[in-house]
Amino acid sequence: MTSTVYYTATTLDGFLADPDDSLAWLMRQDLDEQGPQNYGAFFATVGALVMGSTTYEWVLAHLAETGEAWYYSQPTWVMTTRELPVLAGADVRFAKGDVTTVYDDLRAAAGEQDVWVVGGGDLAGQFADAGLLDGVIVSIAPVVLGAGRPLLPRRLDLRLEETARNGAFVTARYTVDGPLQEDRTG
Ligand SMILES: NC(=O)c1ccc[n+]([C@@H]2O[C@H](COP(=O)([O-])OP(=O)(O)OC[C@H]3O[C@@H](n4cnc5c(N)ncnc54)[C@H](OP(=O)(O)O)[C@@H]3O)[C@@H](O)[C@H]2O)c1
């Protein structure tokens with residue numbers, strides 16, 4: 001069955017990127033590419049992706065810098081209110097507004113595989129608000145930034161399913177229980 005999973009790296013104090021959207025602190029970390037929660041194994045489970053426009057623009061800038069081609073073969077939705085470029089050969093679709101309106105398309109495109117919520121944190125939160133976020137998988141870098149782009153700015157209860165070490169990272173996989181118990185009524 002298709003799950004909607006937020007898979008990301010984060011600092012110990014819960015930031016995806018610094019206030020200038022830099023990931024330099026992440027790129028220099030020691031990582032075992034075959035180790036726990038590795039990207040290749042996760043990516044093989046993904047049938048469709050969804051990301052916010054800041055993340056998309058970071059990817060575009062990164063590809064322009066490195067000269068690499070678009071690296072997602074799966075259909076990718078970008079949530080934005082703006083008109084943004086698409087690289088040749090990239091299956092990128094734009095959407096805006098309530099994430100429930102793209103959810104059916106994401107699931108249909110994913111088939112038997114999972115939907116990857118790439119980020120940012122508020123977008124993952126929008127899926128959680130709608131009760132559509134099933135899992136959170138994080139690799140926690142040994143870095144604190146004090147400020148930046150938040151990991152998941154919501155109040156949620158998660159259930160810890162698995163944890164391990166990968167190089168410099170603590171890896172953890174959670175299922176999403178729902179709103180924080182203290183916030184539930186009735
Ligand atoms: N550590 C990691 O592994 C990791 C993973 C993912 C991302 N990142 C980084 O973390 C940062 C995340 O940036 P961010 O927090 O700004 O989040 P983001 O989700 O990438 O981008 C937010 C923007 O997306 C658009 N958007 C989001 N939801 C929308 C909706 N429902 N309808 C229409 N538009 C919507 C809005 O911009 P517009 O409407 O103006 O376009 C919004 O300002 C980036 O620097 C990214 O590169 C890091």
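Val 5 is buried, because its relative accessibility is 9% and buried means under 20% relative accessible area, exposed over 50%, and partly exposed in between (1.4 Å probe, protein chains only). Val 5 lies in strand S1. Helices (H or I, at least four residues) and strands (E, at least two) are DSSP runs, numbered from the N terminus. The model is predicted: local features need pLDDT of at least 70, side-chain atom pairs count only at pLDDT 80 or more, and totals for chains, interfaces and linings use all residues. Residues are numbered from 1 along each chain as its sequence is written, and side-chain values use heavy atoms, with hydrogens and water left out.

**Ligand site**

- The ligand sits in the largest pocket. A pocket is found on a 1 Å grid over the protein atoms alone, as an open set of points where a 1.4 Å probe fits, with protein on both sides within 12 Å along at least five of seven lines. A molecule sits in a pocket if more than half of its atoms lie within 2 Å of its grid points.
- There are 23 residues around the ligand, and Asp 21, Ser 53, Thr 55, Thr 80 and Thr 81 come nearest. A residue counts as near if one of its heavy atoms lies within 4 Å of the molecule.
- By class, the shell around the ligand has eleven polar, eight nonpolar and four charged residues. Here Ala, Val, Leu, Ile, Met, Phe, Trp, Tyr, Cys and Pro count as nonpolar, Asp, Glu, Lys and Arg as charged, and the others, Gly among them, as polar.
- Strand S1 (4–11), strand S2 (15–17), helix H3 (53–66) and strand S6 (114–119) each supply at least two residues of this shell. H3 gives the largest share, four residues.

- A polar contact is a pair of N or O atoms within 3.5 Å.
- Ala 9 uses its backbone: one of its N or O atoms lies 2.8 Å from a nitrogen atom of the ligand.
- Ser 53 uses its side chain, with an N or O atom 2.7 Å from an oxygen atom of the ligand.

- H5 spans residues 121–129. Its buried residues are Gly 121, Leu 123, Ala 124, Gly 125, Phe 127 and Ala 128.
- An α-helix has 3.6 residues a turn, so residues three or four places apart point the same way.
- Gly 120 is in the loop between S6 and H5. The peptide bond from Gly 119 to Gly 120 is cis, with omega near 0 degrees.
- After H5 comes Gly 131, with a positive phi near 75 degrees.

**Backbone exceptions**

- Most residues other than glycine have a negative phi, and most peptide bonds are trans.
- Asp 21 is not a glycine, yet its phi is positive, about 65 degrees. Asp 21 sits in the loop between S2 and helix H1 (24–27). Asp 21 is partly exposed because its relative accessible area is 22%.
- Gln 37, also not a glycine, has a positive phi near 55 degrees. Gln 37 lies in the loop between H1 and helix H2 (39–43).

**Sequence distance and space**

- Val 5 and Leu 132 are 127 residues apart in sequence, and their C-alpha atoms are 9.3 Å apart.
- Ser 22 lies in the loop between S2 and H1. Ser 22 counts as partly exposed because its relative accessibility is 25%. From Ser 22 to Gly 148 is 126 residues in sequence and 9.2 Å in space, C-alpha to C-alpha.
- Val 170 lies in strand S10 (residues 169–179). Val 170 is partly exposed, at 43% relative accessibility. Val 170 and Pro 142 are 28 residues apart along the chain, with 8.3 Å between their C-alpha atoms.
- Gly 89 lies in the loop between strand S4 (76–79) and strand S5 (92–95). Gly 89 is exposed, with a relative accessible area of 83%. Gly 89 and Ala 128 are 39 residues apart in sequence and 31 Å apart in space, C-alpha to C-alpha.

Key:
A polar contact is a pair of N or O atoms within 3.5 Å; within protein, one must be able to donate a hydrogen and the other to accept it, and residues adjacent in sequence count only if both atoms are side-chain atoms. On a 1 Å grid over the protein atoms alone, a cavity is a set of points where a 1.4 Å probe fits but cannot get out, and a pocket is an open set with protein on both sides within 12 Å along at least five of seven lines; lining residues have an atom within 4 Å of a point.
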